[in-house]
Amino acid sequence: MKAGTGRWTCCYWEESYNQLDMVRRQEGLVAPGIYFMPPPVGDITLHDGLWDELNDKLGTLFDMAEEESIGPDLLPDVAMIVFSFAKQRYSKLSGLRTVQIGQQIAPQSKPLIAQMPLVDLQGYLQKLGEFLANAGDQEKIVIISL
């Protein structure tokens, strides 16, 4: 798995914010209300249009520049879009998804690549959808940071 930008995608309940500095950045649910996805997930899904689709359909403002708060009223819709996107885009159970996400600056000028097995990518998004749906059921506010 190539890291791309090296930025972890973090999704957490608003009330769990103070715990972020105390948890280790690792894949999955690392504490109640805190879910991390490794760097290639954010890079690839930004490239493939997941966050643009959410912005277009729900009026959100997902991008790499800042965090976005999602209230419990929108969480079921966000979860459904994430589930649908993962199924439509990454349901193939073999192979890699590789995208160029930038270019290194001189002297090397090599492309920056994000890469992940499709089965893993789909799995992370499935778990993200479940995290969001469960948070909505519990009337939580979720912050997503790409």
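In which strand is the place of glutamate 68? Glutamate 68 lies in strand S5, residues 68–70, where strands (E, at least two residues) and helices (H or I, at least four) are DSSP runs numbered from the N terminus. The model is predicted: local features need pLDDT of at least 70 and side-chain atom pairs count only at pLDDT 80 or more, while totals for chains, interfaces and linings use all residues. Residues are numbered from 1 along each chain as its sequence is written, and side-chain values use heavy atoms, with hydrogens and water left out.

**Glutamate 68**

- Glutamate 68 is buried, with a relative accessible area of 13%; buried means under 20%, exposed over 50% and partly exposed in between, for a 1.4 Å probe and protein chains only.
- Not counting residues up to four places away in sequence, glutamate 68 touches Thr60, Leu61, Phe62, Val142, Ile143 and Ile144, contact being heavy atoms within 4.5 Å.
- Valine 142 is 74 residues from glutamate 68 along the chain, and their C-alpha atoms are separated by 8.2 Å.

**Nonpolar cores**

- The largest nonpolar core has 33 residues, and those with the most contacts inside it are Leu50, Trp51, Leu125, Leu128, Leu132, Val142 and Ile144. Such a core is a set of buried Ala, Val, Leu, Ile, Met, Phe, Trp, Tyr and Cys residues joined through side-chain atoms within 4.5 Å.
- At least two residues of this core come from each of several elements, including strand S2 (9–13), helix H1 (39–48), helix H3 (75–90) and helix H4 (118–137).
- Leucine 128 touches Cys11, Tyr35, Met37, Trp51 and Val82, residues up to four places away in sequence not being counted.

**Threonine 45**

- Threonine 45 has its place in helix H1 and is buried, with a relative accessible area of 0%.
- Beyond its neighbours within four places in sequence, threonine 45 is in contact with Leu50, Trp51, Tyr90 and Leu125.

**Helices H2 and H3**

- The axes of H2 and H3 come within 11 Å and cross at roughly 140°; axes are lines fitted to C-alpha atoms, for helices over the stretch in contact, and angles run from 0 to 180 degrees between N-to-C directions.
- H2 and H3 are therefore oblique to each other, since angles under 35 degrees count as roughly parallel, over 145 as roughly antiparallel, 65 to 115 as roughly perpendicular and the rest as oblique.
- Leu50, Glu53, Leu54, Lys57 and Leu58 of H2 make the contact with Asp77, Val78, Ile81, Val82 and Phe85 of H3.
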